[in-house]
Amino acid sequence: MEGSRFVLVLALTILTTAITPTLSTYHSATLPNVRHRQKVTRLHFYLFDIISGTKPSAVEVARPKGTKYDKSATPFGSVWTIDDALREGPEFTSKVVGNAQGLYVSSVQDENSLGLVMYADFGFTTGKFNGSSFSVFSRNPIMEPGERELAVVGGRGRFRMAKGFVKVKTQFLNATNGDAILEYKVTLFHY
């Protein structure tokens, strides 16, 4: 009798708990859908990816061990962090307009090729886009000839809700130390 009484009390407790109304309320504010005019912005600048010297802008932070790729300069699975200068022109004396901060991950297993996945925020520190940035998250097949295309997946500031694409072309590459200057032609769609 004692066991059946316990089961009855337990069943009533569960039932009461399940049907007891809660006294909390959910709050949200729905704003009307105001259509903003989409803007198109085209940017042209040069990214300086410097690996050599006493103050490199790209540094390897992780490297795989125990694989056949250990001898490669950028073995599959290696991770680099970047803080690359963005300049108006391809010369080291060109005006700095911002920087690209983020990560490269070596994503090609073929040791005779080089390809990266790039996660980077391109921020501007001068001009009318000062304080604004756009984000790139895309595959970057470095060994492909000519222009490569990267995806723009977001932005902030004047580039809020940005989407678009980047056309990248290697302007200079030092095969000995890995330093590179890349030309960026960016098309952004934003509000």
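Which strand does A100 lie in? A100 lies in strand 4, residues 96-106. A strand here is a DSSP run of E with at least two residues, a helice is a run of H or I with at least four, and both are numbered from the N terminus. A100 is buried, because its relative accessible area is 0%. The cut-offs are these: buried means under 20% relative accessible area, exposed means over 50%, and partly exposed is in between, with a 1.4 Å probe and protein chains only. The C-alpha atoms of A100 and D83 are separated by 5.5 Å, and the two residues are 17 residues apart along the chain.

Some notes on the source. This is a predicted model, in which local features need pLDDT of at least 70 and side-chain atom pairs count only at pLDDT 80 or more, while totals for chains, interfaces and linings use all residues. Residues are numbered from 1 along each chain as its sequence is written, and side-chain values use heavy atoms, with hydrogens and water left out.

Now the overall layout. The protein has one helix and nine strands, and along the sequence the pattern reads α-β-β-β-β-β-β-β-β-β. Of its 191 residues, 33% count as buried.

Next, the pairing. Two strands pair if DSSP finds at least two bridges between them. Strand 9, residues 180-190, pairs with strand 1, residues 39-49, in the antiparallel sense over 11 bridges. In that pairing, H44 has K185 of strand 9 as its bridge partner. Strand 9 also pairs with strand 8 in the antiparallel sense, over 10 bridges, and there L173 stands opposite A180. Nine of the 11 residues of strand 9 are buried, so strand 9 is largely enclosed by the rest of the structure. The hairpin of strand 8 and strand 9 has six residues between the strands, and G178 in it takes a positive phi near 90°.

Strand 6, residues 133-140, pairs with strand 5, residues 116-124, over eight bridges in the antiparallel sense. F122 has F134 of strand 6 as its bridge partner. Strand 6 and strand 7 pair in the antiparallel sense over four bridges, and S133 is partnered by R156 of strand 7.

On to the loop between strand 7 and strand 8. M161 is placed there, and M161 has a positive phi of about 60° although it is not a glycine. M161 counts as exposed, at 60% relative accessibility. R158 lies in that loop too, between strand 7 (148-156) and strand 8 (163-173), and is partly exposed at 42%.

How many salt bridges does the count come to? The count comes to two, where a salt bridge is a side-chain nitrogen of Lys or Arg within 4 Å of a carboxyl oxygen of Asp or Glu. One joins K167 and E149, with the closest N and O atoms 3.0 Å apart. K167 lies in strand 8 and E149 in strand 7, so the pair ties together parts that are 18 residues apart in sequence. K167 is partly exposed at 27% relative accessibility, and E149 is partly exposed at 48%. In the salt bridge of E60 and R63, the N to O distance is 3.2 Å. E60 is partly exposed, with a relative accessible area of 26%, and R63 is partly exposed at 35%.
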